[in-house]
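Here are my notes on the model you sent over.

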Amino acid sequence: MSKTLKTVLIIVGVVLVLAAMFVKPYNKMVQKDEECSKAWANVENAYQRRMDLIPNLVKTVQGAADYEKGTLTEVIEARAKATSVQVDPSNLTEESLAKFQAAQDQLSSALSRLMVVVERYPELKATEEFKSLMDALEGTENRIAVARKDFNTTVNDYNSYIRRFPNNIVAGMFNFDKKGYFKAAEGADKAPEVEFNFN
């Protein structure tokens with residue numbers, strides 16, 4: 001075998017080994033990135049389900065509590081704002097998730113105020129339609145919690161993988177950036193103060 005042929009074979013062998021070292025991590029990063037997008041789609045689905053329930057809930061409450069227009073308006077406006085905040089799955093940064101979460105938290109707060117209003121109307125709480133909507137909303141809130149937890153788990157797996165050596169080299173070369181997490185709402189670490197007034 002000629003010296004030139006040996007040199008060419010060695011170079012080709014080295015190139016193939018280096019390519020194999022990059023191809024496997026790259027393909028794994030693509031797979032994990034897609035899993036993050038899928039987990040995000042599940043989060044959006046859960047939130048969309050809540051959005052779809054709200055108009056029926058507002059109509060039901062509106063019929064029984066006609067003069068509570070301010071609270072109903074707050075819910076409708078918060079829903080509109082939450083619907084307008086979209087997150088691109090290819091850009092799941094801390095900032096974009098924080099903006100999305102803030103809009104959703106505003107809607108949750110408006111829904112909580114609506115539930116306080118509903119407490120004043122026992123005849124409304126007794127209707128089958130309201131009970132059914134509340135059950136659906138409760139189930140949806142549980143789905144949202146599960147979807148967010150699953151999303152954070154998937155993102156953690158992805159972020160850990162792209163930060164490991166030598167994967168971090170491949171990630172840097174092909175712009176696989178760290179993704180953001182859902183975080184607990186501010187103040188969630190403190191128990192609420194409860195005051196009983198027996199006067």
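This is a predicted model: local features need pLDDT of at least 70, side-chain atom pairs count only at pLDDT 80 or more; totals for chains, interfaces and linings use all residues.

**Notes on the helices, core and salt bridges**

1. Let me start with a charged pair: R50 and E141 form a salt bridge, with their closest N and O atoms 3.1 Å apart. R50 sits in helix 1 and E141 in helix 5, so this pair ties together parts of the chain that are 91 residues apart in sequence.

2. The side chains of D157 and K32 meet in a salt bridge, at 2.6 Å from N to O. Here D157 belongs to helix 5 and K32 to helix 1, so the pair joins parts that are 125 residues apart in sequence. K32 comes out as buried, with a relative accessibility of 9%, and D157 as partly exposed, with 31%.

3. How many salt bridges does the structure hold? There are seven. One of them is between D150 and K149, with 4.0 Å from N to O. A salt bridge is counted within 4 Å, so take a look at that pair if you care about the cut-off. D150 is partly exposed at 38% relative accessibility, and K149 is exposed at 55%.

4. Stepping back to the overall fold: the chain has six helices and zero strands, so the run of elements from the N terminus is simply α-α-α-α-α-α. Of the contacts with a separation of 6 or more, 81% are between residues 24 or more positions apart. Buried residues make up 33% of the 199 in the chain. The accessible surface is about 12,900 Å², and carbon and sulfur atoms account for 57% of that.

5. Now the packing. The largest nonpolar core has 46 residues, and W40, L57, V61 and F151 have the most contacts inside it. At least two residues each come from helix 1 (3-64), helix 2, helix 3 (94-118), helix 5 (128-163) and helix 6 (167-173). Helix 1 gives the largest share, 13 residues. As a general point, nonpolar side chains in soluble globular proteins tend to be buried together.

6. Which residues does V61 touch, leaving aside its neighbours within four places in sequence? V61 is in contact with L72, L114, V118, L124 and F130. Two of these turn up again below: L72 is among the buried residues of helix 2, and L114 is among those of helix 3.

7. As for geometry, helix 2 has 16 residues and reaches 22 Å between its first and last C-alpha, close to the 22 Å expected at 1.5 Å a residue.

8. Helix 3 also passes the length check: its 25 residues should span 36 Å at 1.5 Å a residue, and the end C-alpha atoms are 35 Å apart, which agrees. Its buried residues include S96, Q101 and Q104, along with L97, F100, L107, L111 and V118.

Terms used: Residues are numbered from 1 along each chain as its sequence is written. Side-chain values use heavy atoms; hydrogens and water are left out. Helices (H or I, at least four residues) and strands (E, at least two) are DSSP runs, numbered from the N terminus. The expected span of a helix is 1.5 Å times one less than its number of residues. Buried means under 20% relative accessible area, exposed over 50%, partly exposed in between (1.4 Å probe, protein chains only). A nonpolar core is a set of buried Ala, Val, Leu, Ile, Met, Phe, Trp, Tyr and Cys residues joined through side-chain atoms within 4.5 Å. Contact means heavy atoms within 4.5 Å. Accessible areas come from the Shrake-Rupley method with a 1.4 Å probe; for residues, only the protein chains shown count as cover.
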